[in-house]
Amino acid sequence: MPRRERNKFVKRGEILNLTIEDYAFGGKGIARLRNEHGEFVVFVPNSLPGQVVKAQVKKSSKTYAECKLLEVIEPSEDEIALPYQDIPGAPYINLPIDLQHQYKKQSTLELFKRIGKIADIETKFDAFIESPHTFHYRNKMEYGFSAIGYDRNLKTDVDEFTLGFKRRGLWWCGENLDKDSGLFDDQVENQLKDIRAYCKATGLKAWHAPKKEGFFRYLVVRKSYKTNKLLFNLVTTSHDLSKFNLEAFAQYLVKLFGSRVAGFLHTINDDIGDRTIATSGSIKLVYGEDKIVEELLGLQFEISMKSFFQTNPKSAERLYSKVIEYALQDKASIDNSIVLDLFCGTGTIGQILASKSHNAEIVGVDIVESAIVDARRNAQRNGIEGVTFFTADVGKFLSEHPQYTNKIRTVILDPARAGIAPKTLKKIINLNADRLVYVSCNPATQARDTEQLIGSSYALKKLSLVDQFPHTSHIETVALFEK
């Protein structure tokens, strides 16, 4: 059958005005088109029931279409007015937080029913853990420069020096952040317009994405909630660098933020790709220190500009507390035993567990060498003994260390969004541990892995949801599996 006859509702690239009727996991609003051919489902990410939106069809099949949100034409009746500037990174900021929680819980549990094949998931549900701070919770933000701006009144792109965020749906186009977005440090965001004015006054150009040219590219800011210090990183190309006074810019930041400025770094990025850190570039310290210190559950962690660290540290404390609670369900099985902390990142969970157990040996494994370097340094800083970290692919590590089979009673898993590769998960199952504590930033892949675990003599005992990122569709999960 010819392609054009298969879909009697929409075609790829078509722009639609849609009324969102329902909500699916991952922040996908559901609209429905109806005509003489029947009913057709359209998914629109970052939209809410009750909204009228403009969206562009990106993928179309016989039974449904997936769209890109271009604009919210009419808000939902549930939405409320807030004093913050709207940004693409907080699509649900105007929805009351209790309704956000309701949508996240309902859609995540449905996911475990559908993908994980757990019909009675409600009986396994333990807790919905809220973020302590609904607003201003992030400890890192990346602001992009652009030579192309967007005029909201004319609804078109314009030639303009901008510093803020990409316009939703327009990769080449930036929008100025003129005031607090409600997500990051309010002082930084209210004075971002002054930083923009300073940079524009130099006469040097902002990055022009279609032409792949320009000088200013990104301003990255990290914040410590323990010390209230700020770490800045200005990312530019090398072109015209001799015309920009880095030391003077550092002093301007100190003028704006005073003693809050922990340090200022400069990164050269001549790559044409859209990344803050170049694959082949340089980063140097211009002023102050190159790191800040954060605290989680009484332990201190040094954070550099490149370090991975939880974006919402106060909520991360609650996440880690739940992980430790599950791991210590049978404390006797932890004390004087070996615990594998797989996909350990900077080793935060393992260090916290080591501080709360007796003579436990924690073995952390992660493929990212810089994360393991941070893990070792932070363990030394905190005086944590009994932790050993390896830089290795988890699957390969388990193949090369068969001595752990039948010797491990507790395994902690915290993989990336893609979840655990089937072969690696099989090796983890073959360890024959009594207990698995599985942390996930992507419940869809965790639900997929849950089906394999249940088919291998494990039972899902408890599942908790942690709202690490209010005003977004993201939710983290902590699952306890036992033999």
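Leu-18 sits across from Val-53 of strand E4. The model here is a predicted one, so to speak of local features a pLDDT of at least 70 is needed, side-chain atom pairs count only at pLDDT 80 or more, and totals for chains, interfaces and linings use all residues. Numbering starts from 1 along each chain as its sequence is written, and side-chain values use heavy atoms, with hydrogens and water left out.

Strand E1 (residues 15-24) pairs with strand E4 (residues 52-60) in the antiparallel sense, over five bridges. Pairing here takes at least two bridges found by DSSP; strands are DSSP runs of E with at least two residues, helices are runs of H or I with at least four, and both are numbered from the N terminus. E1 also runs antiparallel to strand E2 (residues 28-35), joined to it by four bridges. Within E2, Ala-31 is the bridge partner of Ile-20. Three residues separate E1 and E2 in their hairpin, and Gly-26 in the turn has a positive phi of about 85 degrees.

Further along comes helix H6 (residues 246-257), whose 12 residues reach 17 Å from first C-alpha to last, close to the expected 16 Å (1.5 Å times one less than the number of residues). Asn-245 caps its N-terminal end, with a side-chain oxygen 3.1 Å from the backbone nitrogen of Glu-247. After H6 comes Gly-258, with a positive phi near 60 degrees.

How values were computed:
Polar contact = N/O pair within 3.5 Å; in protein donor to acceptor, adjacent residues only side chain to side chain.
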